[in-house]
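Please read the points alongside the coordinates.

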Amino acid sequence: MDNSPHVRFLATDRSYLSIAKKGINQLANQVGFKPQRIGEIDLIVAEIASNLVKHGGGGEILVRHFITSNNAGLEIISIDNGPGIADPNRMMQDGISTAGTLGSGLGAIKRLSDQFQLYSTKGWGTILLARIFKNPVPDEPPTGGFTFRSILVPKPGEVVCGDGCYVKRTSEHIKLFLGDGLGHGPEANRAVQEAIKAFRICPYHSPVDIVRHMHQSVNKTRGLVGSVVVYDSQSQQWHWCGVGNIVTRIAGPVTAKNLLSYNGIVGMNLPGTMHNHLLPLERGQLLIMGSDGLQSRWDHSKYPQIHRYDLTILAAALYKDYARQTDDTSVFIGRI
C-alpha cells in the first residue's frame with residue numbers, strides 16, 4: 001500500500017457533515033469507483049459522520065486514496081474522544097444502538113467495507129478503520145513477512161503535507177524513509193518530495209550513503225530532516241541513520257530503544273562524520289518513526305491489545321493522543 005497523505009475532515013457538529021461527504025465523494029471519484037460503489041461509500045461516510053456527532057462527542061475523519069500492486073481504493077479512519085464502546089462486537093450488529101456509544105451504523109459500515117476494524121476503550125474513545133477496494137480482489141500479503149502503514153496529515157489549514165515517507169523493496173533489501181520538510185506548506189512539501197525522488201533512484205544500500213545522496217539532491221530546497229532504515233535480508237539486520245528531529249523507535253518483546261539522530265538539516269548541513277547504526281532484530285518487533293508534529297514523549301505501549309489490529313490503528317491512536325495540530329504530522333510503523 002502506498003503512503004500518500006490523508007485529507008482531514010472535522011465532524012464536530014452537523015454543519016461539517018455535508019463538507020465531509022462532498023470531499024470524500026470527490027476522492028472516491030478520483031479512484032474510479034463505479035457509481036453503485038460510490039453510493040455505498042456515501043452511505044459509509046454518512047454513518048461514520050453521524051455517529052461521530054451523535055455519539056462520539058465529535059471527532060475527525062482521515063481519508064486517502066491508495067494504490068497497491070494490484071488494486072486501488074479508499075481508506076477511511078474515524079477518530080473520536082468519546083466514551084468508548086463496552087461491547088464492540090454487539091454494537092456492530094445492525095439496528096443496535098446504546099446512548100453514549102456509537103450506534104446502529106456500525107453494522108452497515110462493516111458490511112459495505114472490504115476491510116473493517118474497530119478499536120475502542122471505555123473512557124478513551126474509538127478508532128474505526130474502513131478500506132474499500134476498487135476491484136473486489138483480496139489484497140496480496142506483503143512479501144517477506146513485512147507490513148508497513150503510515151498516517152500523514154497536513155497542518156490544519158494547509159492543502160499539502162510537508163511530511164512524506166516511502167518504502168522501496170528489492171530482492172535483498174527493504175528501504176524505508178520518513179522525512180519532514182522544514183516548516184510547512186508547498187515549500188516543505190517540495191523539499192520532502194525531492195528527497196523521495198532521490199531516495200527512489202538511489203543505488204546505495206547504506207543509510208549514511210542514502211542520506212548523503214539525498215543531501216546533494218535537495219540542496220536547492222529549504223531542506224528537511226529525515227530517517228532512513230534499511231533491512232538486509234541476507235544478514236537479517238536493520239541499519240539506520242537519522243538527521244534532525246525525526247523520532248525513531250524499535251520495540252520488541254525483549255528490546256525497546258529510542259534512536260538518537262545526528263544534528264543537521266538534509267540539503268543544508270550534515271555532520272562531517274556519520275555512521276550506520278545496527279538495530280537488533282526480533283520477530284514481531286515494531287519500527288516506529290514520527291515527525292515533530294507528534295509530541296516527543298509518546299507511548300505506543302499503553303493501548304490494550306492494539307498489536308492484534310492493523311498497524312493503521314496504532315498509528316491513528318498515536319495521532320489521536322499526541323498530534324500537536326500546529327504542524328504537519330506523520331507516523332510510520334513497520335512490523336516483521
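1. Placement of H173. The model under review is a predicted one. In it, H173 belongs to strand β8. Its relative accessibility is 7%, and because buried means under 20%, H173 counts as buried. Beyond its neighbours within four places in sequence, H173 is in contact with K168, H205, V230, Y231, D232 and S233.

2. Geometry of helix α5. This helix covers residues 186–201, which makes 16 residues.

3. Buried face of helix α5. Which residues of α5 are buried? They are A188, N189, A191, V192, A195, I196, A198 and F199. An α-helix has 3.6 residues a turn, so residues three or four places apart point the same way. The buried residues of α5 pack against β7 (163–169), β8 (173–181), α6 (207–217) and β9 (224–232). Strand β8, one of these partners, is also the strand that holds H173.

4. Aromatic pairs. The relative accessibility of F146 is 6%, so F146 counts as buried. F148 is likewise buried, at a relative accessible area of 7%.

5. The pair of F146 and W238. F146 also pairs with W238 in an edge-to-face arrangement, with 6.1 Å from centre to centre and 90° between the planes. This pair links distant parts of the chain, as its two residues are 92 residues apart. F146 lies in the loop between β5 (125–133) and β6 (147–153), while W238 lies in strand β10 (residues 237–243). Both F146 and W238 are buried.

6. The ring cluster. Which residues do ring pairs link into a cluster? The members are F146, F148, Y231, W238 and F332. Y231, a member of this cluster, is also among the contacts of H173.

7. Charges over rings. Two placements of a charged residue over a tryptophan ring may be inspected. The charged end of R249 sits over the ring of W298, at 3.8 Å from its centre. K320 lies over the face of W124, with 3.9 Å to the ring centre.

Key:
Residues numbered from 1 in each chain as written. Predicted model: local features only at pLDDT ≥ 70, side-chain atom pairs only at ≥ 80, totals over all residues. Heavy atoms only, no water. Helix = DSSP H or I, 4+ residues; strand = E, 2+ residues; numbered from the N terminus. Expected span 1.5 Å × (residues − 1). Buried < 20%, exposed > 50% of the residue type's maximum accessible area, 1.4 Å probe, protein only. Contact = heavy atoms within 4.5 Å. Phe/Tyr/Trp six-rings, centres within 6.5 Å; stacked < 30°, edge-to-face > 60°. Lys NZ or Arg CZ within 6 Å of the ring centre and 35° of its normal.
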